[in-house]
Amino acid sequence: MNDIDYYYSYAEVDLGQIRKNLENMQAECQRKIIPVTKGNAWGQGLVPIVSMLFNKAGYDITAVAQICEAIKIREAGFISQTIMLLSGVPLHAIPYVVKYKLLMTVFNRETVEILSREVKKAGLNSFPIQLKIDTGLHRAGVQPAELDALLEDIKAAGNLEIIGIMTHYTEGSEEKIQKQYDSFKAIVTDLKERGYQFKYISSGCSTNIKFPDEDICTHIRIGWGYIAYVDDIGYEYFYGNKPSLSLRTFITNIIELKAGDTLGYTDTVLDSDKKVACISMGICDGMYRRQTMNNGPLLIKGKHAHYIDAGMDQTIIDVTGIDCEIGDEVTVYGRDKYSDAFLGRAEVAKYSDGNCSILQLYLSDRVKRVYVDNY
């Protein structure tokens, strides 16, 4: 058993597999990869993953969604690397962009005014920013028709240097994505002709790795495809990548029950004799309630058990016909502890809402992260 101290469940993260996944994707892509580590690195642990990216995988940039994520990286000692903010920043948080030297996404006048003021207060003559263009996702970004006015605001500020430009594609039809790209390309081409120079020209995400935009883009932002990859329908073979996380917990009690007995908060009535077990992980740990209430699967010694009822801290499972005992490890998904069996998140997600990523995004800090490197 891994050294998990006093924790009741743990996520085993294979850092070597994450590096392999990145290498597989970079081999298929002409643009440089910007690895995204938002959402606590998709639940796998922000600082350990970023440490691997910077110290072993050779990256000098990562992208996160929020300033609180970026601060954790800076406070871990990574001072010189570029940290790109993908999302809009609430106005009250802009001073921290300057304090921690973050590459902020800019797309409105209000942000420009406050950021410029904070740069001046910090005694800096120049501060790097990147533009975000709304080409059709209509979530965040400057509208193309309003870009010139924004550029005038930035110029008037006098202390903001545009070093990047980005957009993000919708998950709509190929025709719609192509239209977005054509719009982005036209804007980037026009700005270059007007004398703007960009260190970072990025678009898309993991699903766009084969999209033919390398003629204008220098980078692509890659997230789930390298760190949270799962062989979901349509992605059974994704550049040779494999999942990097296995989630496990422990049996703390076993009870033999008769048909007609009830159990759990739901007062479930058993339709036959069953052997049930209690495991030391619940909704507060990130156990997704839908998968438990729909009798989703888990692994014990290579065999499938099934959920019966879930609580905040403990979950009841059906272990009828399975040779198990108190103290045994249970695999919620990933590689079985005792055999070669593997339970993929795609299979588990069938018993919830079909979303594979959310299963690990929900993992709380009560779940110990344990790191191995099977490169």
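## Close-up views of a predicted model

**View 1. Helix α4 and the glycine after it.** Gly 77 follows α4 and has a positive phi, near 105 degrees. Helices here are DSSP runs of H or I with at least four residues, while strands are runs of E with at least two, and both are numbered from the N terminus. This is a predicted model, in which local features need pLDDT of at least 70 and side-chain atom pairs count only at pLDDT 80 or more, whereas totals for chains, interfaces and linings use all residues. Residues are numbered from 1 along each chain as its sequence is written, and side-chain values use heavy atoms, with hydrogens and water left out.

Now look along the helix itself. In α4 (residues 67–75), the buried residues are Ile 67, Glu 69, Ala 70, Ile 71, Ile 73 and Arg 74. Buried means under 20% relative accessible area, exposed means over 50%, and partly exposed lies in between (1.4 Å probe, protein chains only). What do the buried residues of α4 pack against? Their partners are α2 (38–42), α3 (46–55), β3 (61–64), β4 (82–85) and α5 (94–99).

**View 2. The whole chain, for orientation.** Before the next close-ups, step back for a moment. The chain has 12 helices and 19 strands, and its C-alpha atoms fill a box of roughly 80 × 45 × 40 Å along the principal axes. Of its 375 residues, 54% count as buried. Take the contacts (heavy atoms within 4.5 Å) between residues at least 6 apart in sequence: 66% of them join residues at least 24 apart.

View 3. Arg 109 and Asp 153 form a salt bridge, and their closest N and O atoms are 2.9 Å apart. The pair links distant parts of the chain, with Arg 109 in helix α6 (residues 109–121) and Asp 153 in helix α7 (residues 147–157), 44 residues apart. A salt bridge is a side-chain nitrogen of Lys or Arg within 4 Å of a carboxyl oxygen of Asp or Glu. The structure holds 16 salt bridges. Is Asp 153 buried or exposed? Asp 153 is buried, at a relative accessible area of 18%, while Arg 109 is partly exposed at 46%.

**View 4. Glu 118 and its two partners in salt bridges.** Glu 118 is buried, with a relative accessible area of 10%. Its side chain meets that of Arg 117 in a salt bridge of 3.9 Å, N to O. Arg 117 is partly exposed, at 49%. Glu 118 also forms a salt bridge with Lys 121, where the closest N and O atoms are 3.5 Å apart. Both Glu 118 and Lys 121 lie in helix α6, 3 residues apart, which is about one turn of the helix. Lys 121 is exposed, with a relative accessible area of 63%.

**View 5. A salt-bridge network.** Which residues are linked here? Glu 12, Arg 248 and Arg 335 are linked in a network of salt bridges.

**View 6. Thr 105 and its surroundings.** Thr 105 sits in strand β5 (residues 104–106) and counts as buried, at 1% relative accessibility. Its side chain reaches the backbone oxygen of Leu 85 at 2.5 Å. The side chains of Thr 105 and Gln 130 are joined by a polar contact of 3.3 Å. A polar contact is a pair of N or O atoms within 3.5 Å; within protein, one must be able to donate a hydrogen and the other to accept it, and residues adjacent in sequence count only if both atoms are side-chain atoms. Setting aside neighbours within four places in sequence, Thr 105 is in contact with Leu 85, Leu 86, Ser 87, Gln 130, Lys 132 and Met 166.

**View 7. Glu 28 in its loop.** You will find Glu 28 in the loop between α1 (15–27) and β2 (32–35). Glu 28 counts as partly exposed, at 35% relative accessibility. Apart from neighbours within four places in sequence, Glu 28 is in contact with Lys 210 and Tyr 239.

**View 8. Two loop residues with positive phi.** Lys 101 is a residue other than glycine, yet its phi is positive, near 55 degrees. Lys 101 lies in the loop between α5 and β5 and counts as exposed, at 55% relative accessibility. Asp 267 is not a glycine either, and has a positive phi of about 55 degrees. Asp 267 is placed in the loop between β11 (262–263) and β12 (268–269), where it counts as partly exposed, at 46% relative accessibility.
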